[in-house]
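The exercises below concern one protein chain. Work through each task before reading its solution.

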Amino acid sequence: MTYTERVCRVQEILDYTFSDITLAKAALTHPSAVEGQPVSASYERLEFLGDSILGAIIACDMFEQFPDMDEGALTRMKTSLVSGQTLSQVADELGIAPLIVFGESERGTGTRGMHSALENVYEALVGAMYLDGGYDPTAAFIRRTLAEYMVPQRAAHPISPKSELQEFSQRIYHEMPVYELEEESGPAHLPHFTTAVYVNGELVGRGSGTSKKESQTQAAQAALDKLEK
């Protein structure tokens, strides 16, 4: 499948036509497919932007839709909605998997690699749509694809170490944990990240993994293990 065919198909999925096609191409491109090229050629920067925009839109919608839900419950629901599990499932159901462009080095990673890529591409497409068309089409896409998952049951209990640590930090110190990327190493097809997490200005945990999110999750779990002692 050519890039043009991939872009045409993803525009049908998004129900949106890009003015700047390079944004759509980048959003569908895994870093392994453009090694040695500018960072803007893959979805990494768009993923970063999309993650923040997605979180903001989801938070606003939840705030309006659930006026009686407290901060802890809202946090748990938001964490569930923007989790890798949810986003990769939604992206797969939308038919995005066949459209992602991988390099040779990444094609042998199997289900794990695809799961991560689907999550990242969903966020990257959100970022690309926001840059190209602004708030309205981006919010419409997010609401169309995630509305059915925005249910009170997802706020029942913490679903991840990051959510649990966030609740603890907000309850005790009235502030969010702070995650800092300490190290990034390895080739594009096998990266390694180390992240530290601080609560109330104190280093409380450190974790590592093959993605930034995995390293943050491991750091949060290490922090919880320390704080619960």
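Buried means under 20% relative accessible area, exposed over 50%, and partly exposed in between, with a 1.4 Å probe and protein chains only. The model is predicted, so local features need pLDDT of at least 70 and side-chain atom pairs count only at pLDDT 80 or more, while totals for chains, interfaces and linings use all residues. Residues are numbered from 1 along each chain as its sequence is written, and side-chain values use heavy atoms, with hydrogens and water left out. Helices (H or I, at least four residues) and strands (E, at least two) are DSSP runs, numbered from the N terminus.

**Exercise 1. Find the salt bridge partner of Glu12 and describe the pair.**

Solution. 
- Step 1: Apply the criterion: a side-chain nitrogen of Lys or Arg within 4 Å of a carboxyl oxygen of Asp or Glu. Glu12 meets it with Arg9, the closest N and O atoms being 2.9 Å apart.
- Step 2: Both residues lie in helix H1 (residues 3–14), 3 residues apart, about one turn of the helix. An α-helix has 3.6 residues a turn, so residues three or four places apart point the same way.
- Step 3: Glu12 is exposed at 56% relative accessible area, whereas Arg9, at 35%, is partly exposed.

**Exercise 2. Which salt bridge partners do Arg143 and Arg206 have, and which elements do the pairs link?**

Solution. 
- Step 1: Arg143 pairs with Asp61, with 2.7 Å between the closest N and O atoms. This pair links distant parts of the chain, since Arg143 is in helix H7 (residues 135–146) and Asp61 in helix H3 (residues 44–65), 82 residues apart.
- Step 2: Arg143 is partly exposed, with a relative accessible area of 35%. Asp61 is buried, at 12%.
- Step 3: Arg206 pairs with Glu182, and here too the closest N and O atoms are 2.7 Å apart. Distant parts of the chain are linked again: Arg206 in strand E3 (residues 202–209) and Glu182 in strand E1 (residues 178–185), 24 residues apart.
- Step 4: Arg206 has a relative accessible area of 45% and is partly exposed. Glu182, at 39%, is also partly exposed.
- Step 5: Salt bridges with shared partners join Glu119, Glu123 and Lys213 into one network. The search of the whole structure finds 6 salt bridges.

**Exercise 3. Describe how H4 packs against H8.**

Solution. 
- Step 1: Two packed helices are described by the angle between their axes and the distance between the axes. Axes are lines fitted to C-alpha atoms, for helices over the stretch in contact, and angles run from 0 to 180 degrees between N-to-C directions.
- Step 2: Helix H4 (residues 71–81) and helix H8 (residues 161–173) pack at about 155°, with axes 10 Å apart.
- Step 3: Angles under 35 degrees count as roughly parallel, over 145 as roughly antiparallel, 65 to 115 as roughly perpendicular and the rest as oblique. H4 and H8 are therefore roughly antiparallel.
- Step 4: List the contacts (heavy atoms within 4.5 Å). Glu71, Gly72, Thr75, Arg76 and Thr79 in H4 meet Ser163, Gln166, Glu167 and Gln170 in H8.
- Step 5: Sort these residues: Ala, Val, Leu, Ile, Met, Phe, Trp, Tyr, Cys and Pro count as nonpolar, Asp, Glu, Lys and Arg as charged, and the others, Gly among them, as polar. The contact of H4 with H8 has no nonpolar, 6 polar and 3 charged residues.
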